[in-house]
Amino acid sequence: MIPSERHVWRWCPQCRAEMTQRRDGGEERPVCLSCGVVQYLNPAPAAGIVLFRDGRVCLVKRRFAPKQGEWTFPTGFMEWGEAPAETAQREALEETGLEVALTGLYAVESGVLPPDTPVVVIFYTAEETGGRLEAGDDAEEVGFFPLDALPGPIAFAAHRRVLEQLRAEAAP
Ligand SMILES: [Zn+2]
């Protein structure tokens with residue numbers, strides 16, 4: 001996937017010279033010929049939880065674009081210096097009001113946040129330890145739903161694949 005123009009630095013953030021495309025470590029990358037800065041473009045890492053209550057799975061409805069009004073697992077982007085498990089617990093609390101303990105790694109999925117940002121989403125299984133169910137932050141609604149009766153369209157392919165995996169495991 002070639003990075004779209006809006007992701008690529010045109011001007012060097014250190015010395016403000018114009019960036020040049022150069023081969024660096026086997027990849028074509030934006031390089032500053034004036035001060036040596038190289039732009040490494042990487043997928044954005046996100047993390048979140050797969051949480052069940054009475055056989056129903058926790059999903060949140062997106063308050064904001066992209067995919068506003070569609071549903072996802074409680075997930076969010078990692079903050080600088082954060083570990084993925086910390087991200088998953090923080091996002092769970094912010095979006096669902098629930099405190100959770102992580103019980104395992106469930107899936108690692110790559111995807112694209114529309115329009116063109118590659119992401120990696122790390123899904124942990126979780127169990128409730130406290131808090132009170134209440135939508136917050138960038139979630140408009142939160143609830144627990146049967147795997148065969150989801151509340152609406154699921155926003156991202158990475159999340160749909162996790163749901164398919166859960167359904168396959170739940171199948172008799
Ligand atoms: Zn520079």
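A: The zinc ion has as its protein donors Cys12 (SG), Cys15 (SG), Cys32 (SG) and Cys35 (SG), at 2.3 to 2.4 Å; donors are N, O and S atoms within 2.8 Å of the metal (3.2 Å for Na, K and Ca), and water is not among the atoms, so sites may look incomplete. The model is predicted: local features need pLDDT of at least 70, side-chain atom pairs count only at pLDDT 80 or more, and totals for chains, interfaces and linings use all residues. Residues are numbered from 1 along each chain as its sequence is written, and side-chain values use heavy atoms, with hydrogens and water left out.

The angles among the four donor atoms of the zinc ion are 100 to 116°, and the site is tetrahedral (four donors with all angles between 85 and 135 degrees). Along the sequence, the donor residues follow the spacing C-x2-C-x16-C-x2-C.

An automatic or database domain assignment divides the chain into domain 1 (1-41) and domain 2 (44-170). Their C-alpha centres are 33 Å apart. Between domain 1 and domain 2 about 340 Å² is buried, 55% of it from carbon and sulfur atoms; this is the accessible area (1.4 Å probe) that two parts lose on being put together, summed over both. Of the area that domain 1 buries against domain 2, Met1, Arg6 and His7 supply 88%, more than any other three residues.

One salt bridge is counted between the two domains (a side-chain nitrogen of Lys or Arg within 4 Å of a carboxyl oxygen of Asp or Glu). Arginine 6 forms a salt bridge with aspartate 116, with 2.6 Å between the closest N and O atoms.

How values were computed
Four donors count as tetrahedral if all angles lie between 85 and 135 degrees; four count as square planar and six as octahedral if opposite donors are over 155 degrees apart and all others between 65 and 115; anything else is irregular.
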